[in-house]
Amino acid sequence: PRWVAELLSGNATAMRHPGKAHIFHSDDSASGGSSGGVFSRFFRRLPLPPARCLAVATGLVSLLAIVFICLFAVAIRRGADNGSLELTDICLTEPDCLSVAAAAARRMNTSSEPCSDFYSFACGGDGTAGNVPAEMELGARRKLASSLRSGGGGGGGNPAWERKLRRFYARCEENFDTPSYIGDNPLLAAMRAAGVGEFLLNQSSSAAGGLGGFSRTFQAVSGRFYAHSLFATRAVYSDFLHRRGSDRRYAIWVGMNSRSDAMYVRHEKELYRSLIKDVAGMLVRDAAMTNQTARVETFANDVLYVEEQLLLTHEAVLQHASLPEQPADHPANLAKISDLTDRISSHIDFRAYLAEIYQPGLVIRNDTQVLVTDWYYVDQLRDLLDSMRRGSPTDFNRKMNNYLTWTLIAFFQWDLSGEYRLRFAAYRRIVWPSNGLTIGIGGGSVGDDAATDCLETVRWGMNQALSALFVRNNFEPGAKARAGALFEKMRRAAKDSIDRLVWMDDETKRRAKQRLADMVEKTGYPDEAWDDSYLDAEFRQIDPSTHSYFSLIVSCINYWKTRQARLLTQTYNPLDFQHWGQLWEPGLRYLAYDRELLAQAGALQVPLFPSAGLPQLLAYSGAASMMAHEILQSFDITSHAYEAQRTSGWWSDATISEYRKRTACIMDLFKSERNQHQRLLLSNWTAREMAAVSSARAQFDAHRLQGGRPDKRLPLLHLTEDQMFYVFYMQKFCHKRGASGLAVRRASRGADWRRGLGGKFHDSDGFKHSDGDDALLILSRALANTVLSNAPGFAKAFGCPAGNVHSCSLY
């Protein structure tokens with residue numbers, strides 16, 4: 001491969017810095033000509049038949065290989081005096097070593113000068129590879145899809161949960177390209193049973209009270225089918241209610257729900273109208289109704305009207321609530337069900353609505369306490385519903401019922417048939433260009449790839465089972481213990497960092513170290529991932545073998561409703577499987593309220609976390625630096641601000657003042673960012689990251705001094721081990737230039753890329769930046785070129801002139 005030729009030749013990648021062994025210099029080649037040209041000229045002049053030419057060629061190649069190996073060994077030996085390693089110290093046969101080196105080389109652009117533009121040096125390669133965590137997650141999803149598709153794993157010898165998981169995935173793929181359910185559409189049956197879609201389908205339902213039953217329709221859509229509309233009502237596992245005692249255990253989170261499609265109503269109104277009409281027409285067709293053009297037109301107008309009104313309400317709330325006066329779980333936000341119903345003028349029967357969601361897990365009474373995350377939204381919605389009803393009660397009920405019908409259709413779009421799904425996908429590719437350019441698991445775009453969409457569906461329905469399958473098939477048994485040991489190293493390093501701080505007073509230091517000691521480590525996977533009886537019991541109500549695919553999705557909804565009820569009634573235990581998220585994700589995160597550091601199995605994989613036989617610089621430049629970042633968050637200014645919102649911050653005023661003084665120079669790195677709040681977030685993140693890389697590097701140096709057999713080197717021969725540490729660290733932050741990259745998005749879409757938000761570029765993977773650039777890319781470049789490249793250890797590794805930006809360092 002090209003990268004091997006470049007690495008061995010040294011011509012394209014060798015840098016002119018002291019201490020490097022150049023395997024071949026530019027004057028080693030024959031007059032600068034390629035080897036292919038020399039061989040072709042040689043064989044054209046040989047008066048031999050083709051078979052003899054092949055034999056001669058084979059012999060020459062073998063001879064040249066022997067000579068090359070000798071020259072290679074001599075070159076390595078010759079470079080030993082300059083700090084190079086022996087050939088035997090370089091891993092050349094291990095597949096993981098070669099694949100990691102290949103991926104790293106592909107991301108790099110070694111024609112860039114690392115001292116002046118390290119981001120380009122580490123990340124400016126051919127653009128086909130994204131950052132390391134993103135590529136790892138894509139690889140994990142490919143493994144999961146392959147495992148779910150394999151025929152041998154779903155036999156009778158497998159546990160029930162695994163058989164259900166594989167069958168669920170298979171039913172999704174079977175349904176992916178099916179035609180519409182003409183004459184037997186399961187959504188139509190569900191709508192009729194729930195009393196939804198009365199105007200569109202021209203069928204009255206006594207259960208819903210005719211067109212006057214808006215509250216019952218809302219109850220059916222948002223409660224029975226769990227589809228967001230008007231409110232998002234869910235139990236959140238990290239909610240304070242789990243640890244506040246039985247008197248508030250039944251409180252339920254109620255807040256504003258923002259529909260993703262509503263953002264585009266204003267800018268793509270006619271396109272959105274055509275989508276609504278197309279889908280409504282398909283439903284009318286499937287219901288065997290004819291001559292309903294006027295009905296479909298009215299339906300589209302009603303949906304657009306309500307969407308626009310809700311969009312205005314959401315914008316008003318977001319503007320009002322940008323900086324809340326108190327946290328969501330403040331006692332002032334608690335109310336009884338009866339108080340909430342009165343507050344919204346009895347438009348919605350909240351008791352019946354919540355009972356629909358949480359029965360039989362919870363008994364909902366009028367005095368059940370509800371956690372309202374935003375009273376302002378409740379009041380705004382009340383005013384909107386009041387104004388609509390005052391105009392005409394009949395029109396109000398028709399419009400709201402049609403809107404709720406559309407909410408339900410949109411919620412089930414992926415689970416009906418390929419025909420419905422593709423109508424929505426085509427719309428989104430226009431209004432949100434990145435959706436049409438994001439590469440799926442099988443190489444196709446999201447929305448066109450059964451593997452991607454079905455994996456997402458299975459993840460939603462049986463997340464813990466999918467996580468267990470990943471752990472069992474892909475997680476190295478010894479990695480969990482090694483990761484725990486690495487975490488303890490980084491925790492000790494953080495404690496030493498606190499002791500050395502000169503700007504944090506003694507009391508704040510004491511509290512910081514206490515928070516550090518209280519941190520709960522969650523690495524790898526919980527024990528339930530290997531417990532078949534637990535998983536079988538968890539998913540006993542899901543039966544993909546005897547239901548239609550639509551019914552299977554409804555059974556998953558019922559499972560999630562039961563699960564959410566358990567979250568409100570069981571004692572919170574951070575080590576329960578339900579609190580671990582998706583184990584194949586390669587990221588680490590710190591849960592501030594619970595003081596938990598979660599390093600899932602996906603993060604403890606090559607290259608962020610190598611096996612014991614691979615170079616451990618990968619572990620320190622990858623997983624260890626990520627751990628350090630999250631550990632620092634447990635006691636940095638971000639954690640202080642989080643606590644200050646809830647009760648009282650634990651940093652002293654003097655410490656806060658000193659912190660702000662010392663971060664002023666970091667704030668200057670983001671002068672181009674006009675959003676002051678975002679500048680603050682970026683500077684806090686950068687301060688933490690500066691400390692994380694320094695801490696991880698110090699621990700790596702300590703690892704190398706421990707003695708014993710040294711780690712093998714990766715076959716990136718133009719880089720020293722110290723240089724490789726910084727390259728692998730930085731490649732966690734590379735931005736992919738390709739299918740989802742900014743430049744390609746703009747170029748490939750032409751003027752269309754502006755349509756989504758009226759001329760402003762929107763990157764769903766990062767911040768919205770005032771100038772249209774991704775602020776995360778700005779952050780990565782600042783981290784590489786201003787922070788990292790001026791750190792003392794970096795300058796020494798690459799022979800750069802010393803800078804002074806490290807004076808901004810806090811920890």
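Modeller: Helix axes here are lines fitted to C-alpha atoms over the stretch in contact, and angles between N-to-C directions run from 0 to 180 degrees. The model is predicted, so local features need pLDDT of at least 70 and side-chain atom pairs pLDDT 80 or more, while totals for chains, interfaces and linings use all residues. Residues are numbered from 1 along each chain, and side-chain values use heavy atoms, without hydrogens or water.

Biologist: How many helices and strands does the chain have?

Modeller: Both are DSSP runs numbered from the N terminus, helices (H or I) of at least four residues and strands (E) of at least two. By that count the chain comes to 34 helices and 7 strands.

Biologist: Are α6 and α21 roughly parallel or roughly perpendicular?

Modeller: Helix α6 covers residues 132-149 and helix α21 covers residues 463-474, and their axes lie 10 Å apart. The packing angle is about 95 degrees. Because 65 to 115 degrees counts as such, α6 and α21 are roughly perpendicular.

Biologist: Which residues of α21 make the contact with α6?

Modeller: Contact means heavy atoms within 4.5 Å. From α6, Ala140, Lys143, Leu144, Ser147 and Leu148 take part. Their partners in α21 are Leu466, Leu469, Phe470, Asn473 and Asn474.

Biologist: What share of the contacts in the chain with a separation of 6 or more comes from residues 24 or more positions apart?

Modeller: The chain has 811 residues, and 52% of them count as buried (under 20% relative accessible area, against over 50% for exposed and partly exposed in between, with a 1.4 Å probe and protein chains only). Among contacts with a separation of 6 or more, the share from residues 24 or more positions apart is 74%.

Biologist: Is Leu230 buried or exposed?

Modeller: Leu230 is found in the loop between α10 and β1. Its phi is near 70 degrees, a positive value in a residue other than glycine. With a relative accessible area of 2%, Leu230 is buried.

Biologist: What is the phi of Tyr226?

Modeller: Tyr226 is found in the loop between α10 and β1 (231-234), and at 8% relative accessibility it counts as buried. Most residues other than glycine have a negative phi. Tyr226 has a positive phi, near 65 degrees.

Biologist: Which residues does Thr217 contact, leaving aside its neighbours within four places in sequence?

Modeller: Thr217 lies in helix α10 (residues 214-224). Thr217 is buried, at 0% relative accessible area. The contacts are with Gly195, Val196, Asn401 and Leu404.

Biologist: Which residues does Ser695 contact on the same terms, leaving aside its neighbours within four places in sequence?

Modeller: Ser695 is found in helix α30. At 16% relative accessibility, Ser695 counts as buried. The residues in contact with Ser695 are Met490, Ala493 and Ala628.

Biologist: What separates the C-alpha atoms of Thr720 and Ala797?

Modeller: Thr720 is found in the loop between α30 (676-704) and α31 (721-730). Thr720 is partly exposed, with a relative accessible area of 25%. Thr720 and Ala797 are 77 residues apart along the chain, and their C-alpha atoms are separated by 7.9 Å.

Methods. Angles under 35 degrees count as roughly parallel, over 145 as roughly antiparallel, 65 to 115 as roughly perpendicular and the rest as oblique.
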